[in-house]
Amino acid sequence: MVSDNETQDRIVNLELELLLQAIQQQYDYDFREYSRAHVKRRVLHYLNANGIPHISELQHRLLTDEQCFRKLLKELSINVTEMFRNPSFYKTIREKVVGLLKTYPFLKIWHAGCATGEEVYSFAILLKEEGLYDRTQIYATDFNGDVIKKAKTGSFSIRNIRDYTSNYQQSGGKESFSDYYHATDNRVLFDKSLSKNIVFAEHNLVSDGVFSEVNMVISRNVLIYFNRELQNRVLNLMDRSLVTGGFLGLGSKETIMFSDIAAKYKAVDSKERIFKKIHV
Ligand SMILES: C[S@@+](CC[C@H](N)C(=O)[O-])C[C@H]1O[C@@H](n2cnc3c(N)ncnc32)[C@H](O)[C@@H]1O
């Protein structure tokens, strides 16, 4: 016999499927291949927080009110980030990748899923200290236009600066971290010299195209929200963007091992999941 709970769960799953279809058709954002458990959790949390009784009611509101969709998009795109997050990733880049990047006269680096930009400014600092910044073009992209707007300002809350300073030092930072920003009441504003070679843009990894001839792709804490098929497709997009000899930095949570690009790459560092493309 089917219990009431099972019936209820089946209805929720069906409503969720219809909601994702509606979002795709109305707003061209496709969450159908995101981890379903993640999407369900976030949507139910959104209903709860906004006193909306059913997913079908949310669907109606979304279709008639774009602001409602924008709020849900914020809920679905987890924008948590920090400067020099997982400092050992940056340390490993300094120790194992920078030497090879120095052999190129000009570099293109793509941060895919950059959120509010803390990772990109951290990388810009690293490149500056390693004498690479002036020959590098950085693309920093995210599918959420609101976070891209924030990233462009280079302004962050002062609340986290003590932790960021500690991360910077652990990452092998060579200067005094405070040299890179100007503090006002409750914000820090990063030096414009760090953003002059950065192009911030909206880009959806699910539906948008490649960046051509990139020497390094950094995309940490993004693929974890996708199901395996979508991870595989997005890894192929990154692969098509990378030159042979280029690097893919995924951070400790993600891997290429299950994907069909795996054979073209060798691990530069297995813990930090940094890979080098060795075949076309
Ligand atoms: C947890 S943040 C990671 C930020 C940064 N990379 C880090 O590790 O600190 C994940 C980011 O991926 C973005 N994202 C999710 N799905 C995306 C997609 N389909 N295309 C582009 N960005 C996406 C989210 O908007 C969010 O800003």
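In what order do the 3 strands of the open sheet lie?

## The sheet

The model is predicted. Its open sheet of 3 strands runs in the order β3-β5-β4. The pairing is antiparallel. From one strand to the next, the twist averages 30°.

β3 (155-157) and β4 (181-183) are the edge strands. Each has a single partner strand, so one side of each lacks a neighbour in the sheet. Strand β5 covers residues 187-190. β3 and β5 pair in the antiparallel sense, over 3 bridges.

## Helices α1 and α3

Helix α1 spans residues 4-27, and helix α3 spans residues 55-64. The two pack at an angle of about 10°. Their axes are 9 Å apart. Angles under 35 degrees count as roughly parallel, so α1 is roughly parallel to α3.

Which residues of α1 and α3 make the contact? On α1 they are V12, E15, L16, L18, L19, A22, I23 and Q26. On α3 they are I55, S56, L58, Q59, L62 and L63. By class, this contact of α1 with α3 has 10 nonpolar, 3 polar and 1 charged residues.

## Helices α2 and α4

Helix α2 (residues 36-50) packs with helix α4 (residues 66-76) at an angle of about 130°. The axes of α2 and α4 lie 9 Å apart. That angle makes the two helices oblique to each other. Is their crossing left-handed or right-handed? The crossing of α2 and α4 is right-handed.

α2 brings V39, R42, H45 and Y46 to the contact. α4 brings L72, E75 and L76. The residues of this contact divide into 4 nonpolar, 1 polar and 2 charged.

## Around the ligand

How many residues are around the ligand? There are 21. Of these, S77, T81, G113, A115 and F143 come nearest.

What is the make-up of the shell by class? It has 10 nonpolar, 7 polar and 4 charged residues.

## In brief

The α1 and α3 pair is roughly parallel, whereas α2 and α4 are oblique. The sheet is open and antiparallel, with β3 and β4 at its edges.

Notes. Residues are numbered from 1 along each chain as its sequence is written. This is a predicted model: local features need pLDDT of at least 70, side-chain atom pairs count only at pLDDT 80 or more; totals for chains, interfaces and linings use all residues. Axes are lines fitted to C-alpha atoms, for helices over the stretch in contact, and angles run from 0 to 180 degrees between N-to-C directions. Helices (H or I, at least four residues) and strands (E, at least two) are DSSP runs, numbered from the N terminus. Angles under 35 degrees count as roughly parallel, over 145 as roughly antiparallel, 65 to 115 as roughly perpendicular and the rest as oblique. A crossing is left-handed if the near helix is turned anticlockwise from the far one by less than a right angle, and right-handed if clockwise. Two residues are in contact if their C-beta atoms, placed from the backbone, lie within 7 Å. Ala, Val, Leu, Ile, Met, Phe, Trp, Tyr, Cys and Pro count as nonpolar, Asp, Glu, Lys and Arg as charged, and the others, Gly among them, as polar. A residue is near a molecule or strand if its C-beta atom, placed from the backbone, lies within 6 Å of it. Two strands pair if DSSP finds at least two bridges between them.
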